[in-house]
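Hi everyone, thanks for making time this morning. Let me put the structure up, and then I'll walk you through the parts I'd like us to look at together.

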Amino acid sequence: MTKIKDLEWFCPQPFMNAVVNHDRVTKPCCVLKRWPNGKIRKSGKTSVMDVHQSQLMKDFRKEFLEGSGPLTEKFCLVCKEQEKHSKTESHRLMYVDKFDENHGEYREHTTALEEYIDTDHSEPFYLTMEYNAPNNFCNLKCNMCGPFNSSTFAKENKAIGITEGKGMASRWLAGRTWVNEEDDMNQYTDVLKNLIELKLVGGETLALPQNYEMMDKAIEMGVSKQMRLVLTTNATLTPKMGKHGDVFDYVPHFKDCQMNVSIECWGEKNNYIRFPSKWEKIMENVERFSKMPRTKILFATCVSSLTIGYLHEVAEGVDALIEKQPDIFKEFATGSLVIGGDNLYTVTAIPLDIRDLYLERIYEHAPERHTKTFMKLAKYLTDMPFDESLHNRMMIDVAKRDKFRGTVLTDVFPEWEPYYEKL
Ligand code: SF4
């Protein structure tokens, strides 16, 4: 039998993971670059099983068994690049480690995966799935978001005349601000049957009826008790949207649960970026989540131009919660680095004098137990070049949104005053 540890450049994702996009085009991993979404959409064969059985996926999986090939070179760019800089850190290595026979989180499934990779893969063997419902509804309009993930953000863009930039050319949205399409849950039967982790995301995850239908399907099939439910939420609302009720009624049906609470800063500054959220409401809901059975809570932030100088406050806030309830709260996670594409709120948009200030803060306040995380952030601040044009575009975006929302950037981030005044 093939052993994962003997394979030269193996990744489990194309064998056991599915990511369903808002536009229902499926891919095997959320990190992939240049995945041919358009071509797959055009073919009409977009479902998990269609893509699973496509020639593209057959060839892609084969490359992981043979060690390399043109498809991994192209699609797995992020992991290839990460491993160029660090032999021990990449998304791929993190996923492989989950199947480590001794300590891996999924070690009880390692043998089954090894048996599966020796088959012709015509049968599905899905252990994890990330489902992005075909619905972009979100009640917030976080500055660094885009219309693809927030209908409220899309509406704001329309109201203030932003017609270009991040996500505005989305073929799925096709100029609409809110898209809410039906999805046939029966097509996920084959995927759900072996699943050990079901990840639901948004828009606002807890406000999308399709997410409740997916949970209903798992409950009806009698498989929910074998899977971890992972819900990414802005924690501002908990509507009763499913036939069983709200999130508090659903979680007990699953083996266990992880609530990923998306925040940007700790307190007032979070309200500004994740507009129009209210910090007290978020913490009230987090308190309620903490009482759900078999549930852990993880706070996750983006690393952006507005957050990078304040993440030590998040670390301190989460550490205080961990101290009180170590069995419930997990270490905070600096999630995605806002970078590239049409993103405006990137570290490269921060002028050098503000970076000096942020660096001083990191050196002075970053908690010792988080040294590795904060050294990474300090490196971003020192290594990433300043992009003046991007900075100018970001400031214009801030000014437009502030005017419309009745907010003032410098009320919460006073260090930006000299640049805000110039507008
Ligand atoms: S190697 Fe990286 S990009 Fe490729 S499938 Fe695995 S995790 Fe995704």
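Let me start with terms: helices (H or I, at least four residues) and strands (E, at least two) are DSSP runs numbered from the N terminus, and two strands pair if DSSP finds at least two bridges between them. Please keep in mind that this is a predicted model, where local features need pLDDT of at least 70, side-chain atom pairs count only at pLDDT 80 or more, and totals for chains, interfaces and linings use all residues. Residues are numbered from 1 along each chain as its sequence is written.

Strand 1 (residues 17-20) pairs with strand 2 in the antiparallel sense, over 2 bridges; V20 has T26 as its bridge partner in strand 2.

Now the domains, whose bounds come from an automatic or database domain assignment. The protein chain divides into domain 1 (4-122) and domain 2 (131-421). Taken over C-alpha atoms, their centres are 25 Å apart.

How many residues of domain 1 are in contact with domain 2? Counting a contact when C-beta atoms, placed from the backbone, lie within 7 Å, 11 residues of domain 1 meet 12 residues of domain 2. On the domain 1 side, strand 1 and helix 3 (48-52) each supply at least two residues.

Last, V314: among the residues it touches are I263, W266 and F332, leaving out those up to four places away in sequence. Over to you, friends!

Technical notes: Two residues are in contact if their C-beta atoms, placed from the backbone, lie within 7 Å.
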